[in-house]
Amino acid sequence: YHQGTITKDGSKMSKSRLNTVSPDDFIEKYGSDTFRAYLMFMGPYDEGGDWNDKGISGISRFISKIWRFCQLPDSNNDANKRDLQVLHQTIQSVSTDLQQMKFNTAISRLMECMNHFTEHSEVQLPIKNDFIKIIAPIVPHIAEELWEINGEENSVFFESFPKYDPA
């Protein structure tokens, strides 16, 4: 499977054109998971996309939302129907998108899910854990850290990917 070409200002990146981007500065500022997620979000995997130095900040804000969400206090109440519906629709979409290597649309769906949970002040641990499992292929280091913060001892990568429940 051939990945697309990443361009900068509309031109193919090349040392001779002096338009390459060194990942080191971005990784130092944002972290490797943010850099990785931005590359996945730029456009369809097989088409690539145009690099924008400012575009990575949107992914950074998204990951900050995930970080806050996964550290909300655990709710002892039953999950409401709408929360479960949003979570399972996200699981279904992300599962399909990852299998088809449509990383940009998987991330977009995760963003929509996070937007739903933005106003929550607490959330059920199983919802947080399922969300961590579905972000793990995209932001593996962050997922592993959040998994541990939420009291899990083994790696998130020993867990099964959540299954969509149509109910």
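**Close-up views of a predicted model**

**View 1. Contact of α2 with α7.** Ser32, Asp33 and Arg36 in α2 meet Pro140, His141 and Ile142 in α7, where contact means heavy atoms within 4.5 Å. This is a predicted model, in which local features need pLDDT of at least 70, side-chain atom pairs count only at pLDDT 80 or more, and totals for chains, interfaces and linings use all residues. Residues are numbered from 1 along each chain as its sequence is written, and side-chain values use heavy atoms, with hydrogens and water left out. Helices (H or I, at least four residues) and strands (E, at least two) are DSSP runs, numbered from the N terminus. The axes of α2 and helix α7 (residues 140–149) lie 7 Å apart, at an angle of about 130°; axes are lines fitted to C-alpha atoms, for helices over the stretch in contact, and angles run from 0 to 180 degrees between N-to-C directions. That angle makes α2 oblique to α7 (under 35 degrees is roughly parallel, over 145 roughly antiparallel, 65 to 115 roughly perpendicular, and the rest oblique).

**View 2. The largest pocket.** The largest pocket holds about 320 Å³ of space. On a 1 Å grid over the protein atoms alone, a pocket is an open set of points with protein on both sides within 12 Å along at least five of seven lines, a cavity is a set where a 1.4 Å probe fits but cannot get out, and lining residues have an atom within 4 Å of a point. Grid points are joined across faces, edges and corners, and a volume is the space filled by probe spheres set on the points. Among the 15 lining residues, Gln3, Gly4, Ile6, Leu39 and Gly48 are the closest to the pocket centre. At least two lining residues come from each of β1 (5–8), α2 (32–41) and β3 (48–51).

**View 3. The second largest pocket.** This pocket has a volume of about 170 Å³. Its lining consists of Lys81, Leu84, Gln85, His88, Gln89, Tyr164, Asp165, Pro166 and Ala167.

**View 4. The largest cavity.** The structure holds one cavity of 30 Å³ or more, and the largest cavity has about 40 Å³ of space. Ala37, Phe62, Ile63, Ile66, Leu110, Ile135, Ile138 and Val139 line the cavity. Helix α3 (residues 56–69) gives the most to this lining, with three residues.

**View 5. A salt bridge between Lys128 and Asp74.** Lys128 and Asp74 form a salt bridge, with the closest N and O atoms 2.5 Å apart; the term means a side-chain nitrogen of Lys or Arg within 4 Å of a carboxyl oxygen of Asp or Glu. The pair links distant parts of the chain, 54 residues apart: Lys128 lies in helix α6 (residues 125–135) and Asp74 in the loop between α3 and α4 (81–99). The structure holds five salt bridges.
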